[in-house]
Amino acid sequence: MSRPVPNPGILDIAPYTPGKSPVPEPGRKVFKLSANETPFGPSPKAIAAYKGAADHLEDYPEGTSRVLREAIGRAYGLDPDRIICGAGSDEILNLLAHTYLAPGDEAISTTHGFLVYPIATMANGARNVIAAETNFTADVDAILKVVTPRTKLVWLANPNNPTGTYIPFDEVKRLRAELPSHVLLVLDAAYADYVSRNDYELGIELVATTDNTVVTHTFSKIHGLAALRVGWMFGPAHIVDACNRIRGPFNVTTPAMLAAVAAIEDTAHVQMSRAHTEQWRNWLTEEIGKLGLKVTPSVANFVLIHFPADKGKTAAEADAYLTRRGLVLRALNNYKLPHALRMTIGTEEANRLVVEGLRDFLAGK
Ligand SMILES: *Cc1c(COP(=O)(O)O)cnc(C)c1O
């Protein structure tokens with residue numbers, strides 16, 4: 001008997017494995033540091049807006065996310081007509097892939113790039129081409145080297161997850177200038193709010209001045225609304241128009257939209273979270289370094305910790321040890337980083353417990 005057969009490429013995709021949701025060991029307080037969620041939750045104003053929407057659940061959402069596009073426009077100085085909102089930036093990334101990739105095409109991402117990219121690429125029958133990184137950082141020359149006549153799209157998370165590294169805006173501009181003009185450059189700025197470097201920019205200027213670059217962003221990280229699924233893209237009018245044609249007509253829910261508006265307007269909450277993240281990112285990098293473990297310099301809300309391959313000291317063993325103490329980090333086997341763990345920066349209590357846990361682990365306690 002025959003049965004329905006998925007399109008070519010679909011069964012080559014390794015399913016996405018999300019950060020573990022921990023099962024608490026009796027008596028242990030559990031800290032989930034595996035999914036880059038904020039330890040502060042969303043702005044109280046976003047929670048109030050979300051609850052306020054509960055009285056009208058019978059109504060369809062406004063289909064273009066107008067109030068949210070206007071709020072984003074005010075926050076970033078952008079034309080709301082060139083913004084498209086989605087159910088998480090995941091939906092936006094998939095819309096872009098669906099709009100611009102077809103069987104026979106190639107899309108480029110980097111060795112330790114975000115795993116949603118190959119999934120979105122292969123879901124549309126296109127080939128996922130990997131560009132080498134240098135020191136866990138995207139390398140513009142390596143990306144340019146793998147461009148072929150079939151290349152249609154380049155995915156670049158800046159900063160990248162799970163490495164936490166970034167490339168300066170000069171390098172992003174050089175990449176854009178040297179890529180063929182028909183190649184879409186997708187700049188994923190999910191962690192942009194955490195970066196405090198003078199040579200970094202989201203890429204808004206490139207979107208405004210070219211016909212082939214988009215920036216995507218999310219409410220899941222610093223705004224703490226991951227459960228509601230809200231992301232957005234700023235792009236050239238022709239790309240926004242094309243994506244809008246295949247977007248689900250009510251893709252962002254009303255409670256999500258209203259919570260996101262309140263979140264983006266609460267700049268004090270964002271600043272508090274940014275300052276906390278920077279302070280503890282520096283502290284963790286230094287303290288974990290003192291234990292003899294390498295930490296890749298991060299500009300995001302997580303750090304990448306490297307472990308030796310020696311028995312008793314490995315990343316897998318550290319992961320199991322910390323999990324028993326209620327400290328849940330992210331193993332990265334599916335990111336081709338079996339000797340590293342990614343730790344989301346947490347509360348002061350969680351951060352101190354991880355350093356203490358790692359010290360005990362390395363001492364063989
Ligand atoms: C977390 C993350 C996102 C955000 O995804 P959402 O679907 O908006 O929750 C996007 N890109 C990268 C690289 C991320 O790590």
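Residues are numbered from 1 along each chain as its sequence is written, and side-chain values use heavy atoms, with hydrogens and water left out. Because the model is predicted, local features need pLDDT of at least 70 and side-chain atom pairs count only at pLDDT 80 or more, whereas totals for chains, interfaces and linings use all residues.

The domain assignment divides the protein chain into domain 1 (18-41 + 268-362) and domain 2 (44-265); such bounds come from an automatic or database domain assignment. A distance of 26 Å separates the C-alpha centres of domain 1 and domain 2. Across the boundary, 26 residues of domain 1 are in contact with 27 residues of domain 2, where contact means heavy atoms within 4.5 Å.

An open sheet of four strands can be traced in the order β11-β12-β15-β14, with antiparallel pairing. Helices (H or I, at least four residues) and strands (E, at least two) are DSSP runs, numbered from the N terminus, and two strands pair if DSSP finds at least two bridges between them. The edge strands of this sheet are β11 (294-296) and β14 (330-332), each of which pairs on one side only. From one strand to the next, the twist averages 30°; axes are lines fitted to C-alpha atoms, for helices over the stretch in contact, and angles run from 0 to 180 degrees between N-to-C directions. Strands of a sheet pair through backbone hydrogen bonds, either parallel or antiparallel. Here, β14 and β15 (residues 337-344) run antiparallel and are joined by three bridges. A331 has L341 in β15 as its bridge partner. Helix α11 (residues 315-324) lies across β14 and β15, and runs at about 35° to β15.

The description now turns to empty space. Rolling a probe the size of a water molecule over the atoms shows where empty space is left. On a 1 Å grid over the protein atoms alone, a cavity is a set of points where a 1.4 Å probe fits but cannot get out, and a pocket is an open set with protein on both sides within 12 Å along at least five of seven lines; lining residues have an atom within 4 Å of a point. Grid points are joined across faces, edges and corners, and a volume is the space filled by probe spheres set on the points.

The largest pocket holds about 530 Å³ of space. Its lining comprises 25 residues, with Y16, A35, F114, K221 and R229 lying nearest the centre. Eleven of the lining residues are nonpolar, six polar and eight charged; in this scheme Ala, Val, Leu, Ile, Met, Phe, Trp, Tyr, Cys and Pro count as nonpolar, Asp, Glu, Lys and Arg as charged, and the others, Gly among them, as polar. Domain 1 and domain 2 both give residues to the lining of the largest pocket, so this pocket lies between them.

The second largest pocket has a volume of about 270 Å³ and is lined by 20 residues, of which A14, L115, P118, N128 and N334 lie nearest its centre. At least two lining residues come from each of β3 (106-110), α4 (116-123) and β4 (127-131), and α4 supplies the largest share, three residues. The lining divides into eleven nonpolar, seven polar and two charged residues. The second largest pocket also lies between the domains, because domain 1 and domain 2 both give residues to its lining.

A search of the whole structure finds two cavities of 30 Å³ or more. The largest cavity contains about 100 Å³ of space and has 18 lining residues, of which T110, A138, L156, A157 and N160 lie nearest its centre. β7 gives the most to this lining, with three residues. The second largest cavity, with a volume of about 30 Å³, is lined by N158, F169, V172, L187, D188, A189, E201, L202 and G203. Both α6 (169-178) and β8 (184-188) supply at least two residues of that lining.

Most residues other than glycine have a negative phi, and most peptide bonds are trans. The peptide bond from N158 to P159 is cis, with omega near 0°, and the bond from N161 to P162 is cis, with omega near 15°. S65 has a positive phi, near 55°, and lies in the loop between α1 (44-52) and α2 (66-76).
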